[in-house]
Amino acid sequence: MPRVSQERLDARRRQILEAAARCFARNGFHATSMQDVLKEAGLSAGAVYRYFAGKEELIAAVVNEVLEEIRSAFEEAARTGPPPPPNVLIGAVLRRVLRAKSEQGEEWASLYPRLMIQVWAETLRDPALAAVLRQGFETVRVLWVKIVEGYQDAGMMRADIPALSVARTMVALVQGFAAQYALFGDVPVQAVELGLEALMSMGDPDTRSSADQGAVNLAETPPN
């Protein structure tokens, strides 16, 4: 009997992982049964248990994959040189995360932010997964602190505010968008970019002058 190739084994494992991720995103980790995963994957119990001993192993595999995807998105954006303004940089991270899974189809793309929320909640319950999350955040933190320091050195950003505080805020914007996307549906990434651009403009003298002039023009316009 010919041996099954490694490529075939990897493809089957991927099939199981993606089926489990869809189930977990829809119903949560603990409301999903192995029978749900078997049905979603269209496989027998024997085929699934060949790769995963049980649901806990599946949860761990999905959590690690999601965390790795998020970490990679932050790292890829951080290594862009020279780094773009914060609104563009954060938009790039969000698009990278969503694009990575949209290749699996529209339904999968819409489920991925919900899966991210499930993963974050699971790390509160599982110390081992929480350690993976902290390690990934530490890697991202170091990279993004360097980006902020670059902004400060170039005079693009106030230098009297700790770079770590700014980096944490930028990461939190990505996390907050993911939560909004999961709760409220298809929120466009451009909304975050435009909103952040507006916030960034508050200290711009040109912007203030334009706003003041607009207010003067409005005041001088006779009522209809």
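A search of the whole structure finds 13 salt bridges, a salt bridge being a side-chain nitrogen of Lys or Arg within 4 Å of a carboxyl oxygen of Asp or Glu. Side chains of opposite charge can pair when their charged atoms come close. The structure is a predicted model, in which local features need pLDDT of at least 70 and side-chain atom pairs count only at pLDDT 80 or more, while totals for chains, interfaces and linings use all residues. Residues are numbered from 1 along each chain as its sequence is written, and side-chain values use heavy atoms, with hydrogens and water left out.

The overall architecture may be described next. The protein contains 10 helices and 0 strands, where helices (H or I, at least four residues) and strands (E, at least two) are DSSP runs numbered from the N terminus. Of the 224 residues in the protein, 39% are buried. Here buried means under 20% relative accessible area, exposed means over 50%, and partly exposed lies in between (1.4 Å probe, protein chains only). The accessible surface comes to about 13000 Å², and carbon and sulfur atoms account for 55% of it; such areas come from the Shrake-Rupley method with a 1.4 Å probe, and for residues only the protein chains shown count as cover. Among contacts with a separation of 6 or more, 68% are between residues 24 or more positions apart, a contact meaning heavy atoms within 4.5 Å.

Individual salt bridges can now be examined. In one of them E68 pairs with R71, with the closest N and O atoms 2.3 Å apart. Both belong to helix α4, where their spacing of 3 residues separates them by about one helical turn. E68 is partly exposed, at a relative accessible area of 37%. A further salt bridge links E75 to R79, with the closest N and O atoms 3.5 Å apart. Within this pair, E75 is buried at 10% relative accessible area, whereas R79 is exposed at 60%.

Another salt bridge joins R95 and E193, whose closest N and O atoms are 2.7 Å apart. Because R95 lies in helix α5 (residues 86–102) and E193 in helix α9 (residues 189–200), this pair ties together parts that are 98 residues apart in sequence. R95 is partly exposed, at 36% relative accessibility, and E193 is buried, at 16%. Elsewhere, salt bridges with shared partners join E68, R71, E75 and R79 into one network.

In α2 (residues 34–41), the residues M34, V37, L38 and A41 are buried. Seen down the helix axis, these buried residues fall within an arc of 100 degrees, so they line one face of α2; the arc is that of the directions from the helix axis to the C-beta atoms. The face turned away from the buried side carries the exposed residues Q35 and K39. The cover over the buried residues of α2 includes α1 (6–27), α3 (45–49) and α4 (55–78). Just after α2, G42 takes a positive phi of about 70 degrees.
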